[in-house]
Amino acid sequence: MPMPPIATTAPLAGRTVNRVGYGAMQLERLHDDRDAAVTLLRHAIDLGVNHLDTAEFYGNTFVNGVIRDALRPGDDVLVVSKVGADPNPGGPIRLRPAQRPHELRASVEDNLRTLGTEQIGVVNLRRLDTRPGLKAEGDQLVDLDDQLEVMTALRDEGKIGAIGLSSVTLEILRRALPAGIACVQNAYSLVSREDEDMLELCVAEDIAWVPFFPLGGAFPGLPKVTDEPAVHTVAESLGATPSQIGLAWLLHHAPNVHLIPGTATAGHLEENVAAGSIGFDGATLATLDAVPSRSQDMALG
């Protein structure tokens, strides 16, 4: 049975933006060809992308610099950055936690400088409460209230437009609600749906849900959406790629989902944007919904 077409736009931080945005981390791969990176980002904007996700530590300021060079007056693009981790050049992991309030403020100031702007549309507080990825330890275990105090101050000062959260638990989200939360970024995909309760709370509270690792498989041992036979079957029937089906499922799954897939190639960028117009009938959606969800912690052992 045909289903109503999905909305191609949705609210985020008080604005209406296209639901398929662009995660700029992959621009790091074009570090040796800055002009190509700027051209790719301009191509994304020409395709209608008006939500860019970045971080000061992407390419150790390179990505923010590309965004600064690529954006033009009148583009009306919502730029979202994040704080809670800093670059760690030469270390075994390229990031180190930076959770303390003074580090959060310093990271916002660094983002403002490298983006060349007076305000960042949204800044996500990356809490490091959940896997996969970095975990906070020692003096980096900071109380949420202390972090929200500095984030709220930065919003009041006009340096950030709205506050988001990333890598958080349901309990942390509930505690943060009084501060006014615009979006949540957690690892979430067709094959890793353990945050379903948090997604439902976000729907109820009009908070945007912006999944990272939307196709799973970001670390060894984690399930991949593109390995699922059901996904391949649906992709073949619709003349799409398995990746497009995984992205489209997220958009169908909840009305507050925004996507930020990243790529360093124009062809892949065009495929990602096109995923926003893929429709499913009820039977197809039921087939995809039946794909089992696997806990990331279990997969990582």
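In this predicted model, R113 and D110 form a salt bridge, with their closest N and O atoms 3.0 Å apart. Because the two residues sit three places apart in helix α3, about one helical turn separates R113 from D110. R113 counts as exposed, since its relative accessibility is 53%, whereas D110, at 28%, is partly exposed. Side chains of opposite charge can pair when their charged atoms come close.

Three of them, including the one just described, are set out here.

| Salt bridge | N to O distance |
|---|---|
| R113 and D110 | 3.0 Å |
| R34 and D69 | 3.0 Å |
| D139 and R100 | 3.3 Å |

D139 and R100 meet through their side chains in a salt bridge. This pair links distant parts of the chain, 39 residues apart: D139 belongs to the loop between β8 (122-126) and α4, and R100 to the loop between β7 (95-97) and α3 (101-115). R100 is partly exposed at 28% relative accessibility. Both residues also belong to a network of salt bridges that links D86, R96, R100, E103 and D139.

Now for some buried residues. Y188 is found in the loop between β10 (181-185) and α6 (196-204). Is Y188 buried or exposed? Its relative accessibility is 1%, so Y188 counts as buried. Its side chain makes polar contacts with the side chains of E196, at 2.6 Å, and H253, at 3.1 Å. Leaving aside residues up to four places away in sequence, Y188 also touches others, among them W209, F212, W249 and L250. Y188 and L215 are 27 residues apart in sequence, and their C-alpha atoms are 8.1 Å apart in space.

Q147, in helix α4 (residues 144-156), is buried because its relative accessibility is 0%. Beyond residues up to four places away in sequence, Q147 touches Q99, L104, L125, R127 and V142.

Finally, the largest nonpolar core has 83 residues, and Y22, L27, M151, L173, V184, I245 and F280 touch the most other members. Apart from it lies another core of 11 residues, including L12, V17, V122 and A162. Among the contacts of V184, not counting residues up to four places away in sequence, are L165, M198, C202 and W209.

How values were computed. Residues numbered from 1 in each chain as written. Predicted model: local features only at pLDDT ≥ 70, side-chain atom pairs only at ≥ 80, totals over all residues. Heavy atoms only, no water. Core = buried A, V, L, I, M, F, W, Y, C linked by side-chain atoms within 4.5 Å. Buried < 20%, exposed > 50% of the residue type's maximum accessible area, 1.4 Å probe, protein only. Contact = heavy atoms within 4.5 Å. Helix = DSSP H or I, 4+ residues; strand = E, 2+ residues; numbered from the N terminus. Polar contact = N/O pair within 3.5 Å; in protein donor to acceptor, adjacent residues only side chain to side chain. Salt bridge = Lys/Arg side-chain N within 4 Å of Asp/Glu carboxyl O.
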